[in-house]
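Have a look at it first, then read on.

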Number of protein chains: 2
Amino acid sequence: MVKPLKIALAGLGTVGAGVIRLLEANAALVTARAGRPLQIVSVSARDRNRDRGVDISAYGWVDDMTLLAEDDAVDVVVELVGGSDGPALALARNTVARGKSLVTANKAMIAHHGMELATAAEASGSALKFEAAVAGGVPVVKGLREGTAANEIEHIYGVLNGTANYILSTMEESGADFATTLSDAQRLGYAEADPTFDVEGVDAAHKLAILASIAFGAKTDFDAVVCEGIARVRAADIAQADALGYVIRLIGTADAEVNNDGARALLQEVKPCLVPKGHPLSHVTGATNAVVAEGNFSGRLLFQGAGAGDGPTASAVVADLIDIARGEAGPAFSVATSELTALPPAEVGHRVGQTYLRFTVTDRPGVLAEITAAMRDAEVSIESLIQQGRANHGGEVLVAMVTHHGPESAVAKAVDLLKDSDSLTTAPLVMKILES
Amino acid sequence: MVKPLKIALAGLGTVGAGVIRLLEANAALVTARAGRPLQIVSVSARDRNRDRGVDISAYGWVDDMTLLAEDDAVDVVVELVGGSDGPALALARNTVARGKSLVTANKAMIAHHGMELATAAEASGSALKFEAAVAGGVPVVKGLREGTAANEIEHIYGVLNGTANYILSTMEESGADFATTLSDAQRLGYAEADPTFDVEGVDAAHKLAILASIAFGAKTDFDAVVCEGIARVRAADIAQADALGYVIRLIGTADAEVNNDGARALLQEVKPCLVPKGHPLSHVTGATNAVVAEGNFSGRLLFQGAGAGDGPTASAVVADLIDIARGEAGPAFSVATSELTALPPAEVGHRVGQTYLRFTVTDRPGVLAEITAAMRDAEVSIESLIQQGRANHGGEVLVAMVTHHGPESAVAKAVDLLKDSDSLTTAPLVMKILES
């Protein structure tokens with residue numbers, strides 16, 4: 001008889017209950033694939049008596065979750081509590097320090113403390129796994145760690161937040177504005193009561209920092225992610241993008257670059273971007289997540305699926321448990337932490353590409369001349385420009401343009417030249433255009 | 001100093017040369033990720049002196065490739081010779097019998113002899129890996145074996161042949177017919193001089209049989225794959241499908257079903273199908289491969305990328321080598337071969353769905369009445385029907401229809417009722433419509 005893998009489960013929210021349901025429903029095949037049974041021995045949550053739709057009476061109950069790691073019978077702790085610090089981090093530290101493996105869906109904790117936890121796990125010979133922390137049920141951590149392991153990754157980017165993508169693709173479909181769409185999404189359960197982390201890009205930034213670390217062999221550096229949300233994207237921008245052959249998506253991008261001093265550097269950005277129709281990410285609608293990894297031998301690979309939800313997240317958590325049961329859990333970030341490099345943030349100055357700019361301006365003579373003069377003075381070459389009158393925009397005039405391929409620094413300079421202009425009623429919206 | 005993983009490489013065609021190029025170009029990162037160097041020690045091919053654009057002088061040369069496995073210094077044999085039997089199979093058998101690991105891109109060999117080789121590898125404690133055999137550089141074997149390991153797979157299907165997909169998506173774009181598009185594809189290097197395996201669906205069937213085995217824990221049963229190629233798809237079918245909101249793709253599908261006797265059974269089909277626009281597979285154009293796996297907890301996952309080519313295939317081969325170097329290579333088909341079940345082929349009778357039928361008929365009164373009467377007598381309910389006159393089709397009349405959701409057996413009965421009709425100038429083309 002093979003020894004079961006004994007699991008302590010912290011957090012019995014929807015994902016925790018999903019893990020219990022999955023291990024019951026798929027017990028036979030999970031055992032066959034893992035080579036041995038996966039057995040929950042103890043659980044911990046805030047309230048023992050809440051009805052979660054699953055029976056927890058067979059498991060030991062522990063009030064203080066940090067103690068889950070102290071039971072000699074436990075092989076693996078599954079942390080589904082959330083929060084970058086606090087009890088989740090205390091439990092995680094306690095787990096890996098004792099040589100037990102840790103499986104977590106906690107993107108904030110891994111983005112902030114992944115290096116510390118991975119180093120401690122290596123030192124104690126335990127595994128640290130977090131497939132569920134990135135893109136929910138989509139096995140993109142394994143995809144990078146194993147599938148693309150032979151490649152130098154040239155670019156990695158994707159749609160990493162289901163709420164933001166739901167809002168943008170719903171705006172696209174309905175023509176409604178951001179505020180209306182957000183409140184509809186909240187009513188339908190696609191957005192939280194406090195949507196800040198999702199619409200401001202922070203959640204996507206957590207995931208991006210983790211992906212970047214694996215893809216580029218870099219130490220996780222969440223604070224270096226340049227983050228811009230979708231709240232300033234208007235229905236008019238989406239309509240304008242559509243007319244030009246693009247959709248707007250909140251894209252997380254990580255690239256290895258070289259700074260002016262010749263040092264390798266890491267670009268990490270989460271920003272709304274224009275995506276050419278026909279690009280794989282232009283087809284990603286609703287709460288779906290998708291990640292594109294471009295390797296120097298593999299070419300462009302796409303991993304796509306449900307970015308959240310109890311079922312998909314439980315699927316990712318249990319996949320990690322199966323890896324551990326199989327003894328197939330190597331370094332968390334693909335290479336030993338001692339091999340990970342601390343890369344400085346990339347300088348933005350030398351990047352080139354096409355850019356979309358949208359200005360809201362007062363309706364008076366000379367405004368267009370002022371904007372186009374700033375473009376000329378900054379040496380930004382304009383491919384197309386559309387001015388839409390007040391009739392459609394509540395008294396505002398919108399000027400949208402797409403630049404030719406050129407340095408982003410020139411665009412930044414043009415925007416800077418206009419920063420004190422009293423013709424502009426709001427700060428310009430600047431969005432990068434993805435290459436097809 | 002860690003011990004390198006010592007590799008013998010059989011076959012120095014484009015993929016073999018690609019593996020050598022990759023191991024040179026990405027040596028540092030492959031070593032870091034694998035935890036030790038991957039070192040080619042010997043090679044074998046038909047002609048030692050052919051210029052392959054890579055320097056093989058540092059490797060030992062072996063004339064008889066089956067002897068590569070007999071060198072005690074070798075840990076892993078990489079088989080890139082091809083062919084389901086013959087020297088490739090002799091080498092594979094020799095390798096796993098001696099307890100050495102085997103990495104192969106040979107889909108025909110795995111589809112035909114995968115069970116035997118996996119059983120022998122388990123017995124001798126070696127690894128058998130074939131990521132490159134399915135969908136080129138797309139890590140879908142790992143995706144199923146590890147990413148979706150927690151799920152009961154409900155459906156698996158995909159675009160598994162780049163040549164067929166290139167032809168269909170080019171016909172879609174150009175409006176040209178099959179024969180013209182095929183010969184253009186041959187001229188451009190997208191199709192082989194003998195395109196049979198690709199356009200008749202045999203290559204896709206090899207891949208499908210491997211995926212089905214992993215997804216459903218079934219013994220590989222290539223002979224049970226029902227296979228139909230794309231040669232009968234006309235430009236008019238593509239235009240018709242387009243007007244109805246579909247594209248045509250050659251789809252490999254595997255499903256676990258239950259036969260009338262209550263026994264679990266395996267459906268395996270490679271057939272041209274109508275794919276609703278908006279479905280992830282409708283966006284797969286050119287020589288791309290894509291696989292959709294629908295799990296009972298993960299929901300729908302998509303894996304997409306280059307289905308062939310030296311770079312992508314080498315990427316998959318070396319990913320397998322890294323797994324082996326890491327000691328992370330468990331059972332080839334996800335579970336031990338003793339756990340794989342021999343599933344009978346699924347009966348087709350009880351499946352339901354929508355179907356596209358296209359008849360070519362003589363232009364005379366009563367033909368349409370004859371066809372629609374057959375549909376009525378077989379209890380097939382018609383959702384839409386279009387008849388296109390001779391003007392566009394060189395004297396033939398085309399009748400295309402889409403059925404309502406209903407049993408496929410009724411459609412088969414209708415076609416059977418018409419089989420002796422002298423109104424039909426060719427056998428009807430029947431294509432399943434995928435659900436969105």
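## A strand covered on both faces

β15(A) is covered on both faces: Val397(A), Val399(A), Met401(A) and Thr403(A) are buried on one side, and Leu398(A), Ala400(A) and Val402(A) are buried on the other. Here a residue is buried if 20 or more other C-beta atoms lie within 10 Å of its own, exposed if 12 or fewer, and partly exposed in between, with C-beta atoms placed from the backbone. In a regular strand the side chains alternate between the two faces of the sheet. So β15(A), residues 397-403, is mostly covered, with seven of its seven residues buried.

A word on the model: it's predicted, so local features need pLDDT of at least 70 and side-chain atom pairs count only at pLDDT 80 or more, while totals for chains, interfaces and linings use all residues. Residues are numbered from 1 along each chain as its sequence is written, and chains are lettered from A and ligands numbered from 1 in the order in which they are written.

## Its neighbours in the sheet

Strands (E, at least two residues) and helices (H or I, at least four) are DSSP runs, numbered from the N terminus, and two strands pair if DSSP finds at least two bridges between them. β13(A) (352-361) pairs with β15(A) in the antiparallel sense over six bridges, and Val361(A) stands opposite Val397(A). β14(A) (382-388) also runs antiparallel to β15(A), joined by six bridges; there, Gln388(A) has Leu398(A) as its bridge partner.

## Where the two chains meet

Across the interface, 45 residues of chain A are in contact with 45 residues of chain B (contact: C-beta atoms, placed from the backbone, within 7 Å). On the chain A side, α2 (27-34), α5 (140-147), β12 (299-306) and α11 (310-326) each supply at least two residues. The largest share, nine residues, comes from α11(A).

The strands get involved too: β12(A) pairs with β12(B) in the antiparallel sense over three bridges, and Phe303(A) has Phe303(B) as its bridge partner.

## Two helices crossing in chain B

α1(B) (14-25) packs against α11(B) (310-326) at an angle of about 65°, with the axes 8 Å apart. Axes are lines fitted to C-alpha atoms, for helices over the stretch in contact, and angles run from 0 to 180 degrees between N-to-C directions. That makes α1(B) roughly perpendicular to α11(B) (65 to 115 degrees; under 35 is roughly parallel, over 145 roughly antiparallel, the rest oblique). The contact includes Leu22(B) and Leu23(B) of α1(B), and Val317(B) and Val318(B) of α11(B).

Terms used. Two residues are in contact if their C-beta atoms, placed from the backbone, lie within 7 Å.
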